[in-house]
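Morning, everyone. I will take the ligand site and then the helix packing. Please have a look at the screen.

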Amino acid sequence: MTTLTQIAPFLDGLFAQSAASDAAFRAQVNQQYSHDEIDALIRGGDYIGLYTRLKDNFLAVSRETANLLYLLARSTKARHVVEFGTSFGVSTIHLAAAVKDNGGGRVVGSEFEPGKVAQARANLAGAGLAELVDVRAGDALETLARDLPSPVDLLLLDGAKPLYAQILALVPLRSGAVVVADNADNAPDYLAIVRGPGWVSVPFADDVELSMKL
Ligand SMILES: C[S@@+](CC[C@H](N)C(=O)[O-])C[C@H]1O[C@@H](n2cnc3c(N)ncnc32)[C@H](O)[C@@H]1O
């Protein structure tokens with residue numbers, strides 16, 4: 001039995017909370033803004049303002065993307081994982097479960113909303129995975145610029161889209177490392193890098209870019 005199977009009821013509860021927290025918000029946003037306006041907000045420079053307004057929203061990866069993270073971390077035998085954008089820890093739990101099932105290692109998360117940091121840590125403890133994870137509080141441009149486990153086997157990009165390319169440059173990825181970038185359509189500068197030399201990259205599922213460093 002995998003760790004993911006063991007904690008399935010706990011994860012069901014988190015996904016239910018996530019759906020409840022985000023459904024009303026998504027309906028309101030879709031009523032108020034056009035798709036182009038939403039994209040402009042996500043791509044815009046004021047990422048602190050944007051995510052401060054979203055401090056109570058999970059904004060979690062889908063169940064499919066969460067399972068993809070577990071699958072990729074297991075199949076790459078990942079021991080060192082870095083995550084940009086932890087929120088309440090849904091993706092982090094899937095990554096930590098994979099690292100545990102790979103025999104142990106370290107997951108470094110990052111989140112600048114203090115309330116989310118506290119809840120993510122509580123959720124990781126609830127899943128029995130807290131000792132594998134270091135959720136770093138503060139702007140990831142600073143917190144991921146130091147003391148990362150090296151080399152990194154898997155990177156999840158799920159924070160502010162305009163920062164994807166800068167965060168990528170901070171992380172010491174090994175050759176063969178996998179990068180999963182959620183909502184990557186809103187990070188065109190990042191896509192230009194991973195679709196260029198030194199990478200193999202494919203758009204995958206619903207707005208995920210799946211890339212491997214050569
Ligand atoms: C889409 S949510 C992450 C969802 C999470 N990966 C999950 O699946 O549960 C993005 C999160 O990144 C955080 N964030 C955005 N930019 C950040 C930055 N520069 N540093 C740290 N956290 C950031 C936001 O506060 C928000 O909680």
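Which atom of the ligand does a polar side-chain atom of Lys116 lie 2.9 Å from? An oxygen atom of the ligand. This is a predicted model, in which local features need pLDDT of at least 70, side-chain atom pairs count only at pLDDT 80 or more, and totals for chains, interfaces and linings use all residues. Residues are numbered from 1 along each chain as its sequence is written, and side-chain values use heavy atoms, with hydrogens and water left out.

An N or O atom in the side chain of Asp158 is 2.7 Å from a nitrogen atom of the ligand.

How much of the ligand's accessible area does the protein cover? The figure is 99% of the 600 Å² that the ligand has on its own, by the Shrake-Rupley method with a 1.4 Å probe; for residues, only the protein chains shown count as cover. Helix H4 (47–53) and helix H6 (90–101) are the elements that give two or more residues to the shell. Helices here are DSSP runs of H or I, at least four residues, and strands are runs of E, at least two, numbered from the N terminus.

Now H6 and its neighbours. The axis of helix H2 (residues 8–32) comes within 11 Å of that of H6, and the two cross at roughly 160 degrees. Axes are lines fitted to C-alpha atoms, for helices over the stretch in contact, with angles from 0 to 180 degrees between N-to-C directions. H2 is therefore roughly antiparallel to H6. For helix H5 (residues 63–75) and H6, the axes come within 8 Å and cross at roughly 25 degrees, which means H5 is roughly parallel to H6. The cut-offs are under 35 degrees for roughly parallel, over 145 for roughly antiparallel, 65 to 115 for roughly perpendicular, and oblique for the rest.

Last, the loop between helix H8 (140–143) and strand E4 (152–157), where Pro151 sits. The peptide bond from Ser150 to Pro151 is cis, with omega near -5 degrees. Asp147 is in the loop between H8 and E4 as well.

Conventions. A polar contact is a pair of N or O atoms within 3.5 Å; within protein, one must be able to donate a hydrogen and the other to accept it, and residues adjacent in sequence count only if both atoms are side-chain atoms.
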